[in-house]
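These are my notebook entries on a single protein chain.

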Amino acid sequence: KRAKWQVEIFGSEKGKTIVNLDLNISGIHSLFSSYAAQNFLLRALIYYKLSKKGYLLIHSAGVSKNNQAYLFAGRGGAFKTTLAMDFVRKARFDFLGDENVIVYKEKVLDYPFNISSFNFKCKHLPTENPRNILDRVRLAKYLWCNRECINNQMNKTNSSKLKALFFMVKKNELEFTIRENLNIENTVDKLITNDKIKISTIPTHTLTSITSNHYLKYMYAYSFVFPDSKTATYWDDVKTELKKFLKNIPIFEIEVPYIYDIEVFNNVYEFIKTKIK
């Protein structure tokens, strides 16, 4: 209720895409208007524009070791970021991405969209979630001070070959389990559903006051008028390409407890070392 906007999008089907955005945010949230503009439409447009060049942006955290990439996919709050944090700071894995990574043929390409936030959490927080209002204030200050640059003090790699995909599911139980040989069709459907949910949400909503991304609605409205357009067939095309990408990749499902502890990392790390060849 603190944000108003008008938007025009030209050239979404081919050529250069031009976005005219008139964004008006009131109060203290106006300090983070650049984050609002990035998250409001540009994140979703990047999904679409990359796919037209053969690159897929998927919602997952990614780490790499010895040029081998491991992806942790799942719904928001499933501890993907926390697990990636522990792999980076405890096992010296390279960082590929927090919210998203890019996949292309057999490669996972880095997408350090939230690298400043990830950097802060690795250095100052035990998990991805701020513990109190002081942590939130410190995070906001850190983002503000690093808003003009990428403060990269961690190991990072540009690309690695995908070795395994883990789909993380949070359970309100104490047990930790890993299921092997997941069905590729179901996995791809979950990844696409996950992407749709992520495209529609804005991770910096507490800073910007904008709580949802309307681009998915714009895509559906456009598809209704132009049912044969690339926009209309976007998700079908993504599904086809993801199935090709994951065809020979081992897929696992990790059921993690409702409350994260270090044993989650220890179990996954040991599984990677001993079970994945």
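**Entry 1**

I began with S223, which is buried, with a relative accessible area of 14%. I note that the model is a predicted one. The cut-off I applied is that a residue counts as buried under 20% relative accessible area, and S223 is called buried because its 14% falls under that limit. I located S223 in helix α7, which covers residues 215-225. Leaving aside residues up to four places away in sequence, I found that S223 touches T231 and A232.

I then turned to A69, which lies in strand β4 (residues 68-74). Is A69 buried or exposed? A69 is buried, and its relative accessible area is 0%. I looked up the contacts of A69, again not counting residues up to four places away in sequence, and recorded V63, S64, L96, V108, S160, K161, L162, K163 and A164. One of these, A164, is 95 residues from A69 along the chain, and the C-alpha atoms of the two are separated by 7.1 Å.

**Entry 2: Helix α2 with α3**

I next looked up helix pairs. Two packed helices are described by the angle between their axes and the distance between the axes. The axes of α2 and α3 come within 10 Å and cross at roughly 65°. The two helices are therefore roughly perpendicular to each other. I recorded the crossing of α2 and α3 as right-handed. On the α2 side, T81, A84, M85, V88 and R89 meet F118, K121 and C122 of α3. Sorted by class, the contact of α2 with α3 holds five nonpolar residues, one polar residue and two charged residues.

**Entry 3: Helix α2 with α9**

Helix α2 spans residues 80-90, and its axis comes within 10 Å of that of α9, with a crossing of roughly 70°. That angle makes α2 roughly perpendicular to α9. This crossing is right-handed. Which residues make the contact between α2 and α9? From α2 I listed L83, D86, F87 and K90, and from α9 I listed I262, V264, F265, V268, Y269 and I272. By class, I noted eight nonpolar, no polar and two charged residues in the contact of α2 with α9.

**Entry 4: Helix α3 with α4**

Helix α3 (residues 115-124) and helix α4 (residues 133-145) have axes that come within 10 Å and cross at roughly 135°. The angle makes α3 oblique to α4. I recorded a right-handed crossing for α3 and α4. In α3, the residues S116, S117, N119, F120, K121, K123 and H124 meet D135, R138, L139, Y142 and L143 in α4. The contact of α3 with α4 has four nonpolar, four polar and four charged residues.

**Entry 5: Aromatic rings**

How many aromatic pairs does the structure hold? I found 18 aromatic pairs. I examined the one formed by F252 and F271, which is edge-to-face, with 5.1 Å from centre to centre and 80° between the planes. The pair links distant parts of the chain: F252 is in strand β10 (residues 251-257) and F271 is in helix α9 (residues 262-275), 19 residues apart. Both F252 and F271 are buried.

Finally, I looked up the aromatic cluster that contains this pair; Y70, F72, F87, F93, F166, F252, F265, Y269 and F271 form one cluster. Among its members, F87 of α2 and both F265 and Y269 of α9 were already listed for the contact of those two helices.

Technical notes: Residues are numbered from 1 along each chain as its sequence is written. This is a predicted model: local features need pLDDT of at least 70, side-chain atom pairs count only at pLDDT 80 or more; totals for chains, interfaces and linings use all residues. Side-chain values use heavy atoms; hydrogens and water are left out. Axes are lines fitted to C-alpha atoms, for helices over the stretch in contact, and angles run from 0 to 180 degrees between N-to-C directions. Helices (H or I, at least four residues) and strands (E, at least two) are DSSP runs, numbered from the N terminus. Angles under 35 degrees count as roughly parallel, over 145 as roughly antiparallel, 65 to 115 as roughly perpendicular and the rest as oblique. A crossing is left-handed if the near helix is turned anticlockwise from the far one by less than a right angle, and right-handed if clockwise. Contact means heavy atoms within 4.5 Å. Ala, Val, Leu, Ile, Met, Phe, Trp, Tyr, Cys and Pro count as nonpolar, Asp, Glu, Lys and Arg as charged, and the others, Gly among them, as polar. Rings of Phe, Tyr and Trp (its six-membered ring) pair if their centres lie within 6.5 Å; planes under 30 degrees apart count as stacked, over 60 as edge-to-face and the rest as tilted. Buried means under 20% relative accessible area, exposed over 50%, partly exposed in between (1.4 Å probe, protein chains only).
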